Amino acid sequence: MSIKAKKIIIRIWWILILAPIALLLLALLLVGVFTKIPSFEELEDPRTNLSTQLISEDGVIFNTFHIENRTYVKYDDLPPALVEAAVATEDARFYRHSGIDFRSLGRVLVKTFMMRRSASGGGSTITQQLAKTLYPREDTRSSFFVARFVKLLVNKLREWITAVKLERNYTKAEIITMYMNNVFFGSNAYGIRTAANTFFNKEPRDLTTEECALLVGMVNKPTKYNPVMNPENSLHRREHVLRQMRKYGYISKASFDSLNTIPLNLDYEQQDNNAGIGSYFRDMLRRTMASKKPKRSDYQFEEDYSADSLRWVNDPLYGWIGKNPKPDGSLYNLDKDGLRIYTTINSKMQQFAEEAVDEYLGKTLQRAFFNDMKWKANKPFARGVPKPLCDNLIRQAQRWSDRYRADRKSGMSDSEIQKDFTKPAKMRVFSWSDKGYIDTTMTPNDSIRYYKSFLRAAFVAMEPQTGHVLAYVGGPDYRYFKYDNASQGKRQVGSTIKPFLYTLAMQEGYTPCDKVVNVPYTFEVGDSTWTPRSTDKEIWIGKTVTLKWGLTHSSNNISAYLMKQFGPEAMVEMCRKLGISSHIDVVPSLCVGSCDLKLYEMVAAFNTFPSRGVHINPLIVTRIEDKQGNVLANFSANKRESISERTAYLMVNLMEGVVNEGTAARLRSVYDIQGEVAGKTGTTNDQADGWFIGYTPKVTAGIWVGAEDRQVHFESLALGSGSNMALPIWGLFMQKCQKDGTRGISKDDAFIAPPGFNISLDCSGSDSDISGHGKDNTASEESFFD
């Protein structure tokens with residue numbers, strides 16, 4: 001061989017050796033120059049979509065804001081079996097490499113690429129998988145093979161560099177913790193805590209070995225190995241994980257044999273935006289925190305605009321997101337930034353409230369309403385409602401629907417849209433069944449009537465001394481009824497407003513035992529007159545009665561008498577003192593509840609009585625932290641003295657009569673609620689709305705029940721009164737609270753008279769106080785004015 005030939009061979013040899021090294025160095029240079037490698041700061045704070053947690057006063061994470069439903073757990077809260085299963089299955093040499101396992105890469109090169117054995121496993125370590133999860137690959141799609149190869153190579157090198165950085169800056173325990181917190185398990189479950197909650201209704205620390213194996217097995221292919229969708233595949237995959245754990249010495253053969261025979265024991269509930277308790281509260285909290293500065297053009301009434309403008313100034317939680325930017329000037333994102341919001345909700349009381357609504361509204365009242373509706377000609381609308389009005393309500397519901405917007409967007413004419421609403425279609429609709437829905441076929445128009453036939457309910461409970469909102473329910477089921485009837489909806493309040501008029505009387509020197517004559521009273525209204533329709537029995541008319549009797553029996557005559565004494569302007573002023581901020585017409589009919597108000601503000605107003613005359617703005621959040629636990633804000637309730645302690649105590653005595661002898665007496669007789677309780681029922685015209693707001697020394701709670709449209713209601717007062725529609729929910733709720741002892745609520749709680757109180761309260765609200773006839777404890781439920 002000539003010297004020249006030898007030189008050529010040596011040159012080729014060096015090229016073969018150095019070329020790959022040069023290509024690798026060039027690739028690394030290109031990655032460094034033209035792609036973004038995560039900095040150490042970014043590694044410390046990866047921009048994952050982290051759920052914002054809503055934490056109850058008793059320390060329970062009861063709901064979240066999220067896009068990817070993910071919450072972090074610490075390494076100490078990961079069961080050892082979970083870590084062992086992940087290492088045995090995904091990266092057996094995890095504790096022996098520094099981010100890249102070249103032995104595994106060699107195995108992949110030989111077995112997968114050269115021997116075409118796809119079952120030989122992947123070469124990515126847990127650290128590389130974490131790098132890919134935290135910093136997703138760039139899109140490698142291209143019509144050119146070389147371009148695709150280069151992009152894939154750059155992505156892989158980027159992952160390697162990130163993995164090495166992770167290994168240099170974190171311990172193995174920290175890496176496995178980040179991995180378990182970021183991996184996707186399917187069913188909208190991001191991270192191990194959400195996965196454990198979704199599939200087993202457990203916290204990660206409580207997972208058993210076979211449950212850990214099942215979840216780890218899902219990481220590879222979340223849909224294929226989903227135990228709900230593909231149980232057989234999931235069992236086979238779990239067996240593989242357990243076999244790997246046995247192979248690497250984490251479990252014995254006997255344990256493997258035993259664990260492998262255990263069936264799937266799931267407690268599955270997908271943790272989406274409809275899951276968990278307090279969904280209506282979460283929605284209300286989002287609206288509150290994301291509110292913009294009020295603009296007058298957005299409000300119909302000046303009072304509502306003024307109230308929100310004052311709230312913008314005085315309530316730091318209202319519009320908090322816009323008022324409190326991050327240090328870099330950007331705004332917090334509730335769905336991504338992993339905030340921890342410490343709320344005033346008590347998880348047990350929230351559960352009790354939702355159960356009470358479900359038990360009575362779903363199992364009793366709705367069935368009665370369906371029976372009542374059978375004989376109506378234009379279901380679900382009440383008899384006597386004009387057909388043109390019913391048709392208009394249906395058309396309005398059509399225009400609010402997604403189907404209508406989609407049809408309009410597609411270019412359909414009005415006639416074509418109306419025809420589309422008469423075509424039968426398969427759909428899943430709400431039901432009070434155990435599943436919460438039924439699959440059926442009906443026309444869209446029929447589905448509108450179907451949904452309008454369901455009664456809605458709202459419930460709010462708060463603590464008298466602090467103003468803490470303890471429970472909040474805005475409707476029967478958040479999945480199907482998104483509208484919040486507690487703080488968005490305004491409905492006529494009927495006789496629940498009467499205590500505010502009596503408060504005015506007590507403030508001006510009246511007492512519960514003062515007597516008046518029970519006769520109708522007439523008001524001049526413009527060029528005409530108006531006389532509230534009396535709901536009292538004929539034998540009561542013309543008798544001398546106490547004011548306590550008047551409120552106990554919700555007498556319109558006695559309310560009209562008080563309105564005559566003080567006038568509507570004074571009553572409106574008293575409503576404002578008690579915290580009512582909504583628009584109120586200054587008219588005489590206010591004495592029987594002609595105005596539309598929110599349940600939320602009504603409960604806060606009633607709460608002034610057990611709080612001894614101090615009005616407390618409802619408080620829903622006490623603290624907000626960022627995802628590192630740094631406190632971003634603290635909150636406390638705004639308090640002001642609205643009425644004297646004497647007046648508040650007199651009102652307590654008056655409303656105790658309603659519970660002991662009046663329209664709310666079934667709290668004692670049916671629900672066996674013991675101890676000191678005060679409250680007031682309310683029913684509006686045609687039984688369109690039923691109310692009850694009651695309180696004990698330690699909790700104030702209110703309920704509204706009615707249909708979406710006021711033209712949908714019970715035909716009889718017996719079924720449609722507040723004492724039948726709303727009061728039972730309060731009774732069930734308080735039964736649960738007293739039985740459980742939640743927050744120390746018991747039958748021994750007592751209202752305390754103010755110091756030096758010496759007014760005689762030696763009278764009752766029963767009929768025996770009326771001269772001229774014997775005792776008759778049958779209470780009439782009030783109705784709205786004619």
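This is a predicted model: local features need pLDDT of at least 70, side-chain atom pairs count only at pLDDT 80 or more; totals for chains, interfaces and linings use all residues.
Local features need pLDDT of at least 70 and side-chain atom pairs count only at pLDDT 80 or more, while totals for chains, interfaces and linings use all residues. Residues are numbered from 1 along each chain as its sequence is written, and side-chain values use heavy atoms, with hydrogens and water left out.

The sheet is open and has five strands in the order β2-β1-β3-β15-β16, with mixed pairing. Helices (H or I, at least four residues) and strands (E, at least two) are DSSP runs numbered from the N terminus, and two strands pair if DSSP finds at least two bridges between them. At the edges lie β2 (61-65) and β16 (631-634), each pairing on one side only. Neighbouring strands are turned by 20° against each other on average, direction ignored. Strands β1 (residues 52-55) and β3 (residues 340-343) run parallel and are joined by three bridges; Q53 has R340 in β3 as its bridge partner. Helix α12 (residues 279-289) packs on this sheet and touches β1, β2, β3 and β15 (621-625), its direction making about 45° with that of β2.

Two packed helices are described by the angle between their axes and the distance between the axes. Here axes are lines fitted to C-alpha atoms, for helices over the stretch in contact, and angles run from 0 to 180 degrees between N-to-C directions. Contact means heavy atoms within 4.5 Å.

The axes of α3 (residues 80-90) and α7 (residues 172-182) come within 11 Å and cross at roughly 90°, which makes α3 roughly perpendicular to α7 (65 to 115 degrees). From α3, L82, V83, A86 and E90 meet I176, Y179 and M180 of α7. These residues divide into six nonpolar, no polar and one charged, where Ala, Val, Leu, Ile, Met, Phe, Trp, Tyr, Cys and Pro count as nonpolar, Asp, Glu, Lys and Arg as charged, and the others, Gly among them, as polar.

For α16 (residues 387-400) and α19 (residues 444-452), the axes come within 10 Å and cross at roughly 105°, so α16 is roughly perpendicular to α19. D391, L393, I394, A397 and Q398 of α16 make the contact with N445, I448, R449 and K452 of α19. By class, the residues of this contact are four nonpolar, two polar and three charged.

The structure holds one cavity of 30 Å³ or more, a cavity being a set of points on a 1 Å grid over the protein atoms alone where a 1.4 Å probe fits but cannot get out. The largest cavity has a volume of about 50 Å³, volume being the space filled by probe spheres set on the points. Its lining (residues with an atom within 4 Å of a point) includes Q674, E676, T696, I745 and D749.

Notes. Angles under 35 degrees count as roughly parallel, over 145 as roughly antiparallel, 65 to 115 as roughly perpendicular and the rest as oblique. On a 1 Å grid over the protein atoms alone, a cavity is a set of points where a 1.4 Å probe fits but cannot get out, and a pocket is an open set with protein on both sides within 12 Å along at least five of seven lines; lining residues have an atom within 4 Å of a point.
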